[in-house]
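Let's take a walk through a protein model together. Have the sequence and the 3D view ready, and follow along one piece at a time.

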Amino acid sequence: MRQANLFDIGVDGASEPSTLPTAQADPPAFASVLVDIPTRALAEPFAYAVPSDMSGRVQVGCAVLVSFGNRPALGYVVALASSLAELPGTEGLKLSSVKPIRTILTDPLFSEESAELALWMSKEYVAAPAECLRLFLPPGASPRLKRDEDGTYRLERPTTREASARWVSLTDAGRAFEPPARATRQRQLVQALSAGPVTTRELNALYTDMSAAIRTLEKKGVVTVEERRAWRGVAHGESRLSSARAEVPEQLTEGQRSALEAIERARAAQAGDVVLIDGVTGSGKTEVYLSAIERVLASGRSACVLVPEISLTAQTVGRFRSRFGDAVAVFHSRLSAGERLDQWDMVRAGAARVVVGARSALFCPHRDLGIIIIDEEHEQSYKQGSAPRYHAREVAAKMARRYGCPLVLGSATPSAEALSRCRRGSYNGQRWERVEMRERPGGAVLPKIVVADLRREFAGGSRSMFSKPLYDALMGVVERREKAVLLHNRRGFAPFLMCRECGCVPTCKHCSTALTYHERTHTLECHTCGAVYHVQAYPSPASKCPSCGSPYLAKMGVGTQQVEDALLQILPKDVAVIRMDADSTRGKDGHAKLLEEFDAAECAVLLGTQMIAKGLDFPEVTLVGVVNADYALKMPDFRASERAYDLLEQVAGRAGRGERPGEVIIQTYLPHDPVIRAVASHDRSIFTDHDRQMRAEALYPPYVRLAHIVVSGRDRVLAERHARSLAAAVVDLFGREASAPAAVASLSVLEAPVVLGPAPCVIERAKDRFRFHLLVKCPVGYPVSEAISSVLAEVGEQRGLSVVVDIDPYDLM
């Protein structure tokens, strides 16, 4: 907590002496105000006095106008106290130096729980408090102060307006009204309203324009018309997918019953216990979620459900709405501004008691949260890639403890962190319990796995991207009029172009990355910064190497567009080939439309990147093919094998979810890799035992905690120099042990912090900025966030450079 000092500024903008409280005339209350300036330098709220005329009106969550330095500033009340000493961090702060709040700008925008969570996130993830608090504000543009002509200030509202609908209903007298025999429109209107109120939009959809009949009967007192708040986005997520319905099963499996019992124990404990549902693909985890939520809603509380991919939202929301009706709100980035605002308002008003969405759904204004569910908890998408770089699992765990509700994690491939915490039984004061679900409902069995060794295919003379096992299996699907899913985790037509004469690989002008070739548009695109370059590849006569001018600028590697072309060549015309990647799903509801197209087809192949690997439930899918399983295995990241295993195991689970058995064909040059062997044998321990040993020896999570610091700037020398200054300061803070990583490298448990680097990032230049990073390894439980914060404060900022801190990083590139 800090004091707001210097000069006060009057409401009319002119400087004036502050009307400070005195010891003889104490103000009725004091407030901790978080000033809306997104910088790490303002890591704490400031103390302000609540004037007597605002007593009772200032509440936690209110936006207020305060004086900060020599200018007015927007702030948010995050705590209140009757005396200055009751506010944390005010030790030694004199009453005479505390400034008063000048104006209340809004009613409360967030709760006390949200304020506490935002401040915790700021400290835990070394982020600006204002950035964390904005996560809990109503959706829309960042709030800004606006000064009106009369000199007063107000909070500028988002341009998105609330939606409304006109509802028509019969009056008491209207129920006995008999329209004239020839008044057909009036008769239709009375008949439509006899069952209850109807919106004018619904009436017009049924009978075309009914406005004249409505006006006539309104004048006669037969009907009334009133404006009511409408919720855009309520219909969003309704899907024609056959899998977007959740019928109540006749009976639960033994694993499902065990999972529900564990959740009920966690609910009864009211301590924020964590339940990890470790269930094979197709084991019925969604039914466990639905049954648990039914019990939570019956107790009067609410629920929050997170899914990792937007592609899963339509299917998941459909299932939840089939069980809970319009009490389900959906929240993700593909909603329009108006839809996001209305869904947020639905939650705040209590009209929606179940929220389903991506990680941002955590920050909706939940009412008395009774359960938090994170489906596919292992997914990297739960880690925020921009400030504040939080992990949804850790934030949800903190929320569960604050609300006294269970946190339920579900996955067929749980993360190493989750499994480690369950083995220990607790983490950060919360109990962690693992429940296994090893069977599929209805007698469905796990699919047969076939590993196609591409080395043998090549030695046998094959040059096709489809091995003989995969080709034969595709033809079998066509013959039986079934469906298949093909995974290829590289979008575009080819990963890059290369000159066959000089070896030049075109790279982005702004980043040190090779450009991906897109055949449909004849463009090279940078998937780092989004730059697009028009080019013709060989054998086009216009093909030209940018280095030597050779026409042999050839396509190298395979992308989803090229796989799509190959499928169209080998499959009959009546087999639908549907490509689903970041390029084909850019439009609104793009994911849902493609999935509905695949669902409606009699015989089809769904080709896509990792977005098709998770959660999709199509009983007609009997074949899953992986075009090349090796792309993810050799990435320079300690999580590469874990990601590869998760992806392959998840996509394999799309096959055989109905009555017909499934088959999975994995094409690879590395058939003896532990990841491939574990998936092929349905034995996770083959991979996890190897992975645990590698991480323990190399000192990586879950055996340590990591902090990743990236310094970037247009001046390479300046960026590297600042990175070295930070590294030196961290080493100095940690002491001699940190400067000698070799001394602890052989230990299975880290005893002291270790600093690695600085060094250039794998992608050294991105968006015209040079990047250097250092990695800090700390023992589990070490206050690494606090240490990094103190180092940043000590070294200070440097103009032209940005410093990004990522606590518990998932991306070291």
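Helix α7 (residues 285-298) lies across β13, β14 (302-306), β16 (354-357), β17, β18 and β20, and runs at about 170° to β17. Such angles go from 0 to 180 degrees between N-to-C directions, using lines fitted to C-alpha atoms, for helices over the stretch in contact. Helices (H or I, at least four residues) and strands (E, at least two) are DSSP runs numbered from the N terminus.

This is a predicted model: local features need pLDDT of at least 70, side-chain atom pairs count only at pLDDT 80 or more, and totals for chains, interfaces and linings use all residues. Residues are numbered from 1 along each chain as its sequence is written, and side-chain values use heavy atoms, leaving out hydrogens and water.

Now for the sheet. It is open, with 8 strands in the order β15-β16-β14-β17-β18-β13-β20-β19 and mixed pairing. Because β15 (328-331) and β19 (426-427) stand at the edges with a single partner strand each, one side of each has no neighbour in the sheet. Strands pair if DSSP finds at least two bridges between them; β17 (residues 369-375) and β18 (residues 407-411) do so in the parallel sense, over 4 bridges. Isoleucine 374 has leucine 409 in β18 as its bridge partner.

Finally, visit aspartate 574, in the loop between α14 (560-570) and β28 (576-580). Beyond its neighbours within four places in sequence, aspartate 574 is in contact (heavy atoms within 4.5 Å) with Arg481 and Cys603.
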